[in-house]
Amino acid sequence: MQNKGAIQTFAILLALACVFHLSFTFITQRTEAQAMEEAGGDVVKQRAILDSIGNDAALDLGLFSVSYNDAKRREMNLGLDLRGGINVTVEVSISDLLRNMANNPNDPAFEQAIAKAKESQKTSQEPFVDLFANAYQEANPGARLAAPGLFGHANQKLVNGNMSNEEVLNLLRSEADMALSRTFEVLDARINNFGMTQASIQKVGTTGRIRVELPGVQNETHVRELIEKPAKLEFWETYEAAEVLNRFAQIDELLRRQEVAESAAKDQDTTKIPSLEPVPGQESQNDAPEESLAVNAPDLQNPELPEDTSLNTENTEFGAQEDLGPLFRNFVTNIVEIEGQAQYGFGPTLGYTRNGPRDTVALNRLFNRKEVKGLLPPDLKLAWGNKAIEDPNNELIDGQFALIALRSNSRDGSPAMEGDVVVNARFQNDENSGGFEVVMEMNAEGARDWAKLTEKNVGKSVAIVLDNRVYSYPNVNEKIAGGISSISGNFGLEEAKALASILKSGKLPARNEIVEMAIVGPSLGSKARSAGISSLAIAFLLVLLYMAFYYGKAGITADLALFTNLFFLLGALAGFGTTLTLPGITGIVLTIGMSVDANVLIYERIREELRAGKGVKMALADGYKRAYRAIIDSNITTALIALVLIVFGAGPVRGFAITLFLGILTSLFSAIFITRLLFEWQLSKNRSISFSSKATEKLFSRMSYDFVGKRKPFYIVSAVLMIAGFVSFATKGFNLGVDLNGGRSYVVAFDNSDFSTSEISTAVTEAFGGASTQVKYYGDQKTVLLVSKYKIDDQSEEVDNQVKSELFAALSGFYTNPPSEETFVTINENKPENSGIERVETVGPTMARDVAIKSIWAVVISLIIMFAYILLRFRGWQYGLGALAALVHDVVLVLAVFSIFDGILPFSLEIDQAIIAAVLTVIGYSINDTVIIFDRIREYVSEARKGTMGDMINNALNSTMGRTINTSMTVLFVLLVAFLFGGEGIRGLSFAVLIGVLVGTYSSIFIASPIVLDLQKKKAK
């Protein structure tokens, strides 16, 4: 074996990396279990315990130490379907943007064009700007978009009267893109400050949408406010730190004495301490750099202190750290030492947290107390910076958040200026620093106020605040007239772009529209997680037993490689930060089944070499050598399908694809290299190696079935089945899921099973004013899935609440002990079992249309890619067409089963994104099977074996039958387990792939290769 040492080294390093990344999940689970035990099963108390110990070392091995908070940020992420939470897809309202840019948005012609564009958007993939322009020009032939009556006068700095319609369109498209970017910046800041370690936000391709995932969150109202509320940009005057910090010693001493008194009172059980909530909107806040207007200024991310200056880490002015009160236990005051003298720091920075975001919550509560407010200036407003400081060279403040002292200019606590006066902001090269600067422009009113504000604050800082987070506090060097200011601070490109975007967000020109929302309750997520893990364990055990039974000692070696593969796969998922979803668990289960394919290919080759009379050592070497090409070809095709899914999929489907792709890589390494290393070790120890058991020794070794000669009956069977499918497509159609068809979906649990789905459907349809409602059992006879398009065009919170209320009124009579309406509609961890809604999904029509179109394209592109790969790899169009015909056959038959048997089988056969993922997986599996056979045909042809092309195809099919049956059996085992035990969430996906594997195995044997022969004959004629 070549490069044996390098492979061993790589395997060891990979294993260590996996242990490292998986250790964080182990640490968090162990710590959370201990906290739950200490809390006596109370979730609220558990959270309080975890908050209190979050920064303590949860694991300390000397050189390696990690806290619970650090581990939580780096543990394996679980998707919403496994832990509960809220998923939202947001679309920026481009119609609002156009109205804001138009000179006369109330013009009837303008409004008609907007209305027509909205209607066209439901069926078109064109950008909204283009749809509007087409509608306007169609109704007003020859009209110029740059005319003063439309976009010209109101945007004279952007649009001049000489611009062509195409130039104006390009400008509008650019503004639409920038509106999306600004919205993303604002939402990203809000999400980062939401206090969630695993919250995520990402742009959805080029769709103009933003996807937000908040695992573990169930407060829909809070999330809607987070997503939909307008951005609030403000400019604040600031205090110097010395003006405020002299009060902090008094505050700390006051709080310390109160703490002592309350502790004594508590010991006597005479006093109860009231709980204090944090200031709204300040649950978690971060830090921002310090810049200057018109000149350079130090960057707080890398503070440049005066010479002989250092930060005082112990607050020695106020006593030893063990004697500190609640304030200074969580807060490091901005004190510097200059030439041995302690002084308050410069600028508005009061200090820093000691223990990261947890301290911001505790400090907010302290500063919100009445007695503390009484000791602070009445016009003082405290605000945290926007992001954590990144300074690895300064352990004191690295990863900590700065507290900034803002000064209001009136009794009502308002800022000096509102941000809606900013008309433009851009970044450009800073000639002085060599970095970048940001140029900000204001309107006439803003320019006047800005001149007064900067004149008043020369030598001081003015803070730029968005949504109560301080993004920047530049120093004012001089009065700035004219409304144009430059902000410099040795910015990098990304920092300058972000600040310019924030400044332009002062008055977002377009509101956010929620086009999709899914809420999964924690109990439903817990059930799904348990079912998924159970199916994974059972499937793994079955594959281990089957391989040991069929291949004897070599099967046990394959089992060891399978353990290694699962370990590497989980380590890779954790290392890459991949979110594990329910379909992702299905991907792992499928990987387990498919991962033995490479071993089966190698073992069947070795068995052939052994039957040819070779010794074990030679048979091993030749078996691996002759199997490599088929292994690589088959796995490349499956990997290509996974990549298509990654590109076109979203959410759980994309998680499934990533899991499948990583599983292919780890499977190849384990099957090819790990087993080879184990065999080499066994040979070096003179251990005996067997590649079959007595029961399987001669299976498939003497097959000589005439597949080619009997191909026509199979053609007829396939044609009849496909025609039946097409007839069902045309007459019955498909039961499309909410994500492909739009609508509202609810999973509702009852406390009894004394009802039928038809009774539920009738009651809900009546409550929904006659809007048709589909109802099916979901997992058990006490839980149902309801789907309706009732009021789907309006996804506002008011309508959502109204629909839930009407749903409660329709369903409350089916309970033995009806829950209250609040309990029924609320989804949270305190919800009693079987008491109402456990999952909600709402998908608007435009979102559903886009998903449906992307799904169709994903299938079409996959088929094209497979045809092209086979064409290039086997250098014959006959192979490409044969493979393509088999793939089309498989896709049609899988969809035919879902169309024909929907409503007949006792489980849901609706087609959603997961089923599309299953269809693509079937394409990958089927082409995998086909490639193995094609590869053997190519081998026989290249060796110029005797016989006709039909003989060589028959020989190839017979010689690979052992591999075909064994791989199919293992995959079918794991899919059957997933179907039976994986839970309702993956039942449809598992069933689709299960049918696909059966159909794909059939087509690779009886369709693909025989068609190649017929095409070869046609070419010869």
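**A loop residue and its surroundings**

Mentor: Ala39 sits in the loop between helix 1 (4-38) and helix 2 (43-53). Helices (H or I, at least four residues) and strands (E, at least two) are DSSP runs, numbered from the N terminus. This is a predicted model, in which local features need pLDDT of at least 70 and side-chain atom pairs count only at pLDDT 80 or more, while totals for chains, interfaces and linings use all residues. Residues are numbered from 1 along each chain as its sequence is written, and side-chain values use heavy atoms, with hydrogens and water left out.

Ala39 counts as buried because its relative accessibility is 10%. Buried means under 20% relative accessible area, exposed over 50%, and partly exposed in between (1.4 Å probe, protein chains only). Leaving out neighbours within four places in sequence, Ala39 is in contact with Lys45, Gln46 and Ile49; contact means heavy atoms within 4.5 Å. For Ile49, the separation from Ala39 is ten residues in sequence and 7.7 Å in space, C-alpha to C-alpha.

Val204 is another loop residue, placed between strand 4 (200-203) and strand 5 (209-215). Val204 is buried, with a relative accessible area of 17%. Its contacts, again not counting residues up to four places away in sequence, are Arg209, Ile210 and Arg211.

Most residues other than glycine have a negative phi. Lys791 is not a glycine, yet has a positive phi of about 50°. Lys791 is in the loop between strand 25 (780-788) and helix 24, and counts as partly exposed at 33% relative accessibility. Asn834, also not a glycine, has a positive phi of about 55°; its loop runs between helix 25 (821-825) and strand 26 (836-843).

For a residue inside a helix, take Thr659 in helix 20 (residues 652-684). Thr659 counts as buried, at 0% relative accessibility. Apart from residues up to four places away in sequence, Thr659 touches Leu569, Leu573, Gly584, Gly587, Ile588 and Thr591.

Now the chain as a whole. The chain has 31 helices and 26 strands, and 55% of its 1021 residues count as buried. Among contacts with a separation of 6 or more, 74% join residues 24 or more positions apart.

The largest nonpolar core has 144 residues, and those with the most contacts inside it are Tyr603, Ile870, Ile923 and Phe934. The largest share of this core, 19 residues, comes from helix 17 (residues 522-575). Apart from it lies another core, of 72 residues, among them Val88, Leu131, Leu172 and Ile210. A nonpolar core is a set of buried Ala, Val, Leu, Ile, Met, Phe, Trp, Tyr and Cys residues joined through side-chain atoms within 4.5 Å. Ile923 touches Ile641, Val859, Ser862, Leu863, Met866, Leu887 and Val891, not counting residues up to four places away in sequence.

Two packed helices are described by the angle between their axes and the distance between the axes. Axes are lines fitted to C-alpha atoms, for helices over the stretch in contact, and angles run from 0 to 180 degrees between N-to-C directions. Helix 27 (residues 877-900) and helix 28 (residues 913-942) pack at about 145°, with axes 10 Å apart. In this contact, residues of helix 27 including Leu887 and Val891 meet residues of helix 28 including Ile923 and Phe934. By class, the contact has 14 nonpolar, two polar and one charged residues. Ala, Val, Leu, Ile, Met, Phe, Trp, Tyr, Cys and Pro count as nonpolar, Asp, Glu, Lys and Arg as charged, and the others, Gly among them, as polar.

A second pair is helix 9 (residues 220-228) and helix 24 (residues 797-811), whose axes come within 11 Å and cross at roughly 160°. Helix 9 and helix 24 are therefore roughly antiparallel to each other; angles under 35 degrees count as roughly parallel, over 145 as roughly antiparallel, 65 to 115 as roughly perpendicular and the rest as oblique. Glu220, Thr221 and Arg224 in helix 9 meet Glu797, Asp800 and Lys804 in helix 24. By class, this contact has no nonpolar, one polar and five charged residues.
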